[in-house]
Amino acid sequence: MDAASFVGFIGCWVACAIGIVTATGGNIAPYLDLPSVFITILGSFFATMLCYPMEMTTKGLPQATKYVFFTPQLDTAGTIRTIVEFSQKARREGLLALEAEAEQLANPFLKKGLRLVVDGTDPELVRSILEIEMQYMDERHKGIVGYYFMWGSLAPAFGMIGTLIGLVGMLLSLGSGSVEDLGPSMAAALITTLYGTLMANIFLNPFATKLSGLNADELLLNELILEGILSMQAGENPRIIEEKLLVFLSGEARNSLTNSQYGEES
């Protein structure tokens, strides 16, 4: 569970709710408008669906939304430790000794890389295969990020459409002399704009930014794995491999991992 996502998402709604209650003296009814929901939320959703394949909406969207709140934990330090241990074993017993361990790995990218190395695949071919894997993973992730950003751009636009619809109703009321309809029509016009802005800034654009960051983190981890696997295949010293991979960690995480390893050795 990602605490920042839960706290941030709920906090935004609470802050807006407090502002509405404070401004209206507790009467939130004027801010609840069913036609505005249809125009802004459903209208922008179906317009976004028009831009992407159906599978992106039915499968990609629910899974990505889950990842925003239940973010997969990427154990970069643990991955470095695993690669260093494998390199030590490969140096003693040969790369074929890693075959059994490779099948038990939870990380599919690391598992695939080790399988290629154990099978004796040429290093350049290993690099090419894994880089292609990274490239298309990045493209898939950017697709769903783009989905959220597109929706985030269309929601305010549909809010403006609702505003125009409300203004037309208001002008018609003025023409017919029905002053009683003036207030509701103007309110509907403003509420749709509010809904679209709230959707874009509390839900859609933040989700897209969060997923973009998760994609960058996963790409960085895969680059680390690729570098470690190729170094292992080249028969480099495990200490050199460790120093090379520690570059991927921040200073604090690097010191923590190093101190932990030295503590275990002592």
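# Rings, helices and a pocket

Mentor: Let's start with the rings: Phe-6, Phe-9, Trp-13, Phe-45, Phe-46, Phe-69, Phe-70, Tyr-148, Trp-151, Phe-203 and Phe-207 make up one aromatic cluster. Keep in mind that this is a predicted model.

Trainee: How many aromatic pairs does the structure hold?

Mentor: There are 13 aromatic pairs. One of them joins Phe-9 and Phe-69.

Trainee: What makes Phe-9 and Phe-69 an edge-to-face pair?

Mentor: Two values decide that. The ring centres are 5.6 Å apart, and a pair needs centres within 6.5 Å. The planes stand at 75 degrees, and over 60 counts as edge-to-face. The pair also links distant parts of the chain, with Phe-9 in helix H1 (residues 3-24) and Phe-69 in helix H3 (residues 54-69), 60 residues apart.

Trainee: Why is Phe-69 called buried, and what is Phe-9 called?

Mentor: Phe-69 has a relative accessible area of 13%, and the cut-off for buried is under 20%, so Phe-69 is buried. Phe-9 comes out at 24%, which puts Phe-9 in the partly exposed class, because that class runs between the 20% and 50% limits.

Trainee: Why is the pair of Phe-9 and Phe-207 called tilted?

Mentor: The centres of those rings are 5.8 Å apart and the planes are at 45 degrees. Stacked needs under 30 degrees and edge-to-face needs over 60, so the pair of Phe-9 and Phe-207 is tilted. Phe-9 lies in H1 and Phe-207 in helix H8 (residues 182-233), so this pair ties together parts 198 residues apart in sequence. Phe-207 itself is buried, at 4% relative accessible area.

Trainee: What makes Cys-12 and Cys-51 partly exposed?

Mentor: Cys-12 has a relative accessible area of 32% and Cys-51 has 42%.

Trainee: What is the volume of the largest pocket, and which residues lie nearest its centre?

Mentor: The volume is about 990 Å³. The lining has 33 residues, and Tyr-67, Pro-72, Met-137, His-141 and Glu-218 lie nearest the centre.

Trainee: Which helix gives the largest share of that lining?

Mentor: H7 does, with seven residues. H3, H4 (76-93), H6 (108-118), H7 (123-176) and H8 each supply at least two.

Trainee: And how many helices and strands are there in the protein?

Mentor: Ten helices and zero strands. Of the protein's 266 residues, 36% count as buried.

Technical notes:
Residues are numbered from 1 along each chain as its sequence is written. This is a predicted model: local features need pLDDT of at least 70, side-chain atom pairs count only at pLDDT 80 or more; totals for chains, interfaces and linings use all residues. Side-chain values use heavy atoms; hydrogens and water are left out. Buried means under 20% relative accessible area, exposed over 50%, partly exposed in between (1.4 Å probe, protein chains only). Rings of Phe, Tyr and Trp (its six-membered ring) pair if their centres lie within 6.5 Å; planes under 30 degrees apart count as stacked, over 60 as edge-to-face and the rest as tilted. Helices (H or I, at least four residues) and strands (E, at least two) are DSSP runs, numbered from the N terminus. On a 1 Å grid over the protein atoms alone, a cavity is a set of points where a 1.4 Å probe fits but cannot get out, and a pocket is an open set with protein on both sides within 12 Å along at least five of seven lines; lining residues have an atom within 4 Å of a point. Grid points are joined across faces, edges and corners, and a volume is the space filled by probe spheres set on the points.
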